[in-house]
Amino acid sequence: MNGKLPHIVQYQGSKRVLAPRILQFMPKKFRRLIEPFAGTAAVSVAAAAESRADVFYLNDLNAPLTNLLRKAIEEPSELAREYAALWNEQFSFGDRHAQHFFIVRDRFNQGEQSPANLLYLMSRCVKGAVRYGKNGNFNQSPDKRRHGTKPETLSANVRAVSALLKGKTVFSSLDYRETLALAKPGDLVYMDPPYQGVTNARDSRYVSGVPFQEFVEAVADLNRRGIDYLISYDGRRGEKAYGAELPASFRCQKTLLNAGTSAQSALLGRKDTTFEALYVSPTLAEAGI
Ligand SMILES: C[S@@+](CC[C@H](N)C(=O)[O-])C[C@H]1O[C@@H](n2cnc3c(N)ncnc32)[C@H](O)[C@@H]1O
């Protein structure tokens with residue numbers, strides 16, 4: 001856990017570690033925080049812990065993931081009970097406990113996409129690195145050495161997240177542009193789109209990618225409407241830059257945040273530090289936050 005911030009489940013690409021730094025670029029208080037690419041909502045959890053906003057809007061195109069967020073926040077006890085039941089089932093498989101993961105994964109891919117099933121798959125798979133196949137199937141393998149987050153730990157985490165966000169949060173599973181259309185002056189939009197991969201390569205980390213030009217147009221529209229936003233976008237790992245930069249004509253303030261040693265570098269036995277860009281909208285930058 002990062003400091004005292006609770007999290008629902010590990011998710012590769014989660015902003016849990018960077019969230020406190022990202023909050024430094026937000027106003028002390030604003031009306032509504034909109035996360036069009038919510039994932040596991042690490043930034044909203046951190047903002048709620050500091051009572052920065054009155055209302056939170058969590059959207060992610062991945063509908064089972066949004067359903068998991070909703071259940072964790074609105075019915076944490078029931079989710080924790082369902083998770084514990086699933087988690088305990090794996091021990092009836094003895095040494096072959098990883099087999100249980102494949103059974104739950106098959107159920108999920110055949111349509112039983114309940115929040116507890118997804119939560120179990122996420123907590124049980126290698127490094128929270130969710131992977132999707134071409135047909136949208138969850139195709140990551142289990143971490144064979146571990147059993148996944150203990151039910152007591154998971155229960156404490158979802159209850160803590162729920163205590164921060166219940167009764168203040170709206171959920172949807174739309175394309176990000178539909179949620180941007182709802183933003184009004186006084187709201188703050190935080191965007192963490194899927195990483196920009198190699199051109200034309202499908203990114204198996206997420207259910208969908210976001211073309212660069214389309215994203216640039218969506219941000220240009222926020223600029224025209226005078227909406228405050230923060231965007232995590234390109235960056236650098238060691239000497240290597242990744243992702244295209246947003247146009248300089250947007251007049252955003254760009255800061256590189258130190259995200260530490262990347263999991264990918266660590267797997268390769270290297271110690272490259274990753275820096276992630278944070279773009280601050282001209283409206284916020286001019287307000288001098
Ligand atoms: C980098 S992750 C966000 C991680 C998040 N900040 C967190 O802390 O967990 C990007 C998310 O965008 C979602 N996504 C991909 N394409 C999308 C789209 N067109 N509209 C909305 N969400 C999308 C993915 O499902 C994924 O959860």
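These legends describe close-up views of a predicted model. Local features need pLDDT of at least 70, side-chain atom pairs count only at pLDDT 80 or more, and totals for chains, interfaces and linings use all residues. Numbering starts from 1 along each chain as its sequence is written.

**View 1**
Domain 1 spans 19–63 + 171–286, and domain 2 spans 72–155. These bounds come from an automatic or database domain assignment. The C-alpha centres of domain 1 and domain 2 lie 27 Å apart. Of the 289 residues, 38% count as buried (20 or more other C-beta atoms within 10 Å of the residue's own, C-beta atoms being placed from the backbone).

**View 2. The ligand shell.**
The ligand is surrounded by 23 residues (C-beta atom, placed from the backbone, within 6 Å of the molecule). F37, G39, A42, L61 and D192 are the closest. The shell holds 13 nonpolar, 6 polar and 4 charged residues. Nonpolar means Ala, Val, Leu, Ile, Met, Phe, Trp, Tyr, Cys and Pro; charged means Asp, Glu, Lys and Arg; the others, Gly among them, are polar.

**View 3. The largest nonpolar core.**
This core has 68 residues (buried Ala, Val, Leu, Ile, Met, Phe, Trp, Tyr and Cys joined through C-beta atoms within 7 Å). Y83, L119, V189 and L230 touch the most other members. Helix α2 (residues 42–49) gives the most, with 7 residues; helices are DSSP runs of H or I, at least four residues. Domain 1 and domain 2 each supply at least three residues.

**View 4. Around L230.**
Beyond its neighbours within four places in sequence, L230 is in contact with I22, F25, M26, Y190, L278, Y279 and V280. Contact means C-beta atoms, placed from the backbone, within 7 Å.

Definitions and conventions: A residue is buried if 20 or more other C-beta atoms lie within 10 Å of its own, exposed if 12 or fewer, and partly exposed in between; C-beta atoms are placed from the backbone. Helices (H or I, at least four residues) and strands (E, at least two) are DSSP runs, numbered from the N terminus. Two residues are in contact if their C-beta atoms, placed from the backbone, lie within 7 Å.
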